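Q: I have a structure open and would like to learn how to read its features. Can we go through it together?
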Amino acid sequence: MGALVSDAFVPSKTPLDDRWSSRVPPHRRYGPEDALRLASEAAGGRKVELVIDLTNSTRYYDPAAFEKRGARHVKIACVGKDAPPDAVAVSRFVYEASKFLADQRGKAEKRNAGVILVHCTHGFNRTGAMLVHYMQRARPWPRLNENLAEFARARSAAET
């Protein structure tokens with residue numbers, strides 16, 4: 001789990017549901033409930049209301065695990081380490097994030113605004129690429145190095 005990025009996104013590795021428990025030691029388990037709780041903590045208590053799944057698989061968890069806790073789940077399947085996200089996936093990510101954030105602007109107070117949990121398998125490559133693409137497109141002036149550094153700082157928070 002990383003720190004809050006661009007005041008709206010929390011990057012994460014993929015949570016695994018109970019089907020994977022026999023393969024993961026108890027102290028390393030990280031499921032959908034953990035992801036929602038830790039993301040909310042990273043966002044200063046704000047609730048995760050959207051989960052964007054960038055994995056190229058449906059085997060890790062049932063999306064209903066998020067939906068029954070009030071977080072809409074969006075699947076944008078992206079190829080893993082062999083290639084960057086394609087233009088269609090990037091456009092869909094930017095659209096989904098922008099639509100969600102536009103809907104959030106109507107909240108009475110910023111502390112009530114929901115956040116977006118974004119995950120790929122490890123929470124670095126695809127997640128980082130999508131968040132930087134979003135920042136490049138959504139901010140008034142694209143500053144690639146600054147946007148990359150912002151994501152790097154957020155993810156390095158997970159290492160400490």
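Q: Let's start with Glu 96: does this residue count as buried or exposed?
A: This is a predicted model, so everything we say is about computed coordinates. The idea is to look at relative accessible area, where under 20% means buried. Glu 96 comes out at 9%, so this residue counts as buried.

Q: Which residue does the side chain of Glu 96 meet in a salt bridge?
A: For a salt bridge, look for a Lys or Arg side-chain nitrogen within 4 Å of a carboxyl oxygen. Here the partner is Arg 92, with 3.7 Å from N to O. Arg 92 is partly exposed, at 37% relative accessible area.

Q: Where do Arg 92 and Glu 96 lie in the chain?
A: Spacing along the sequence is the thing to check. Both are in helix α3, residues 87-104, and they sit 4 residues apart, about one turn of the helix.

Q: Which parts of the chain does the salt bridge between Arg 46 and Asp 7 link?
A: The side chains of Arg 46 and Asp 7 meet at 3.2 Å, N to O. This pair links distant parts of the chain, 39 residues apart: Arg 46 is in the loop between α1 (32-42) and β2 (48-53), while Asp 7 is in the segment before β1 (9-12). Arg 46 is buried, with a relative accessible area of 9%, and Asp 7 is partly exposed at 35%.

Q: And what about Arg 19 and Asp 17, how do their side chains meet?
A: They form a salt bridge too, at 2.7 Å from N to O. Arg 19 is exposed, with 54% relative accessible area, whereas Asp 17 is buried at 16%.

Q: How many salt bridges are there in the whole structure?
A: A search finds 9. Some residues can share partners: Asp 34, Arg 37 and Glu 41 are linked in a network of salt bridges.

Q: What does the radius of gyration say about the overall fold?
A: Set the value beside what a compact globule would have. For 160 residues that would be near 15 Å, and the chain has 15 Å, so the two agree. Buried residues make up 45% of the chain. Among contacts with a separation of 6 or more, 62% come from residues 24 or more positions apart.

Methods:
Residues are numbered from 1 along each chain as its sequence is written. This is a predicted model: local features need pLDDT of at least 70, side-chain atom pairs count only at pLDDT 80 or more; totals for chains, interfaces and linings use all residues. Side-chain values use heavy atoms; hydrogens and water are left out. The radius of gyration is taken over C-alpha atoms; the globule rule is 2.2 Å times the number of residues to the power 0.38. Buried means under 20% relative accessible area, exposed over 50%, partly exposed in between (1.4 Å probe, protein chains only). Contact means heavy atoms within 4.5 Å. Helices (H or I, at least four residues) and strands (E, at least two) are DSSP runs, numbered from the N terminus.
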